[in-house]
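Here is a friendly walk through one protein model, with its charged pairs, its hairpin and its helices in turn. Have the structure open beside you as you read.

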Amino acid sequence: MFAVLYQGYVKPGLEDDFREAWKMIATYFVKEKGALGSSIHKSEEGYYVTYSRWPDKATRDASWPKDDDSVFESFPDDVKKAVFTLKSALDEKKQFPEVCMKIIEEL
C-alpha cells in the first residue's frame, strides 16, 4: 500500500470551506479512483494534516492531477471546483512538502 501526507496552514476564515472541499475530493477518490481512504487532522500548532491511502503509488499518480495534467479535466465539475476551493484556502507561504510513503506494515 501507499500513503501520502499533506500538511499546511489554511487561511483564517476558510477552514470550513477547506474541510468541505477535502471531504468532496476524498469521497470522489474513494468512490471513483481506487483510494482506500483519507483522514484530516488539525495539529496543536494550527496547521492541517491530511492523509490518504492508496493500493499503490501508480494508482495514486494516475488519479491525481499534476500541473498541466489532463487527468484533472476528467473530474466532474463539482470536484474540480472543490480542488480549486481547497487550493485557494491554503496559505501558500505556510505549506510543507507532501510526504509519499510506502506502507510497510499496518495493524
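## Arg60 and its surroundings

Let us begin with a side chain: that of Arg60 makes a polar contact with the side chain of Glu98 at 3.0 Å. A polar contact here is a pair of N or O atoms within 3.5 Å; within protein, one must be able to donate a hydrogen and the other to accept it, and residues adjacent in sequence count only if both atoms are side-chain atoms. The side chain of Arg60 also has a polar contact with the side chain of Asp61, at 3.4 Å.

Before going further, please note that this is a predicted model, in which local features need pLDDT of at least 70 and side-chain atom pairs count only at pLDDT 80 or more, while totals for chains, interfaces and linings use all residues. Residues are numbered from 1 along each chain as its sequence is written, and side-chain values use heavy atoms, with hydrogens and water left out.

Arg60 lies in helix H2, residues 57-63. Helices (H or I, at least four residues) and strands (E, at least two) are DSSP runs, numbered from the N terminus. Is Arg60 buried or exposed? Arg60 is buried, because its relative accessible area is 5%; buried means under 20%, exposed over 50%, and partly exposed in between, with a 1.4 Å probe and protein chains only. Leaving aside residues up to four places away in sequence, Arg60 touches Phe2, Val4, Tyr6, Trp54, Glu98 and Cys100, where contact means heavy atoms within 4.5 Å. His41, by comparison, is 19 residues from Arg60 in sequence and 21 Å away in space, C-alpha to C-alpha.

## Salt bridges

How many salt bridges does the structure hold? There are 8, each being a side-chain nitrogen of Lys or Arg within 4 Å of a carboxyl oxygen of Asp or Glu. One of them joins the side chains of Arg53 and Glu106, at 3.7 Å from N to O. This pair links distant parts of the chain, with Arg53 in strand S3 and Glu106 in the segment after strand S5 (99-102), 53 residues apart. Arg53 counts as partly exposed because its relative accessibility is 22%, and Glu106 is partly exposed too, with a relative accessible area of 44%.

Arg60 takes part as well, forming a salt bridge with Asp61 whose closest N and O atoms are 3.4 Å apart. Asp61 has 21% relative accessibility, so it counts as partly exposed. Another salt bridge brings together the side chains of Lys80 and Glu73, at 3.8 Å from N to O. Lys80 counts as buried at 19% relative accessibility, whereas Glu73 counts as exposed at 54%. Salt bridges with shared partners also join Lys57, Arg60, Asp61 and Glu98 into one network.

Strand S2 (residues 37-42) and strand S3 (residues 48-54) pair in the antiparallel sense over 6 bridges; strands pair if DSSP finds at least two bridges between them. Which residue in S3 is the bridge partner of Gly37? The partner is Arg53. The hairpin has 5 residues between its strands, and Gly46 takes a positive phi near 100° there.

## Helix H1

Helix H1 (residues 15-32) has 18 residues and reaches 26 Å from its first C-alpha to its last, close to the 26 Å expected at 1.5 Å a residue. The expected span is 1.5 Å times one less than the number of residues. Buried in H1 are Phe18, Ala21, Trp22, Ile25, Ala26, Tyr28 and Phe29. Seen down the axis of H1, these buried residues fall within an arc of 160°, so they line one face of the helix; the arc is that of the directions from the helix axis to the C-beta atoms. What covers them includes strand S1 (2-10), S2, S3, H2, helix H3 (77-89) and strand S4 (90-95). The face turned away from the buried side carries the exposed residues Asp16 and Lys31.

Tyr28 is found in H1 and counts as buried, because its relative accessibility is 11%. Not counting residues up to four places away in sequence, Tyr28 touches Lys33, Ser74, Phe75, Pro76 and Val79. Tyr28 and Lys11 are 17 residues apart in sequence and 24 Å apart in space, C-alpha to C-alpha. After H1 comes Gly34, with a positive phi near 90°.
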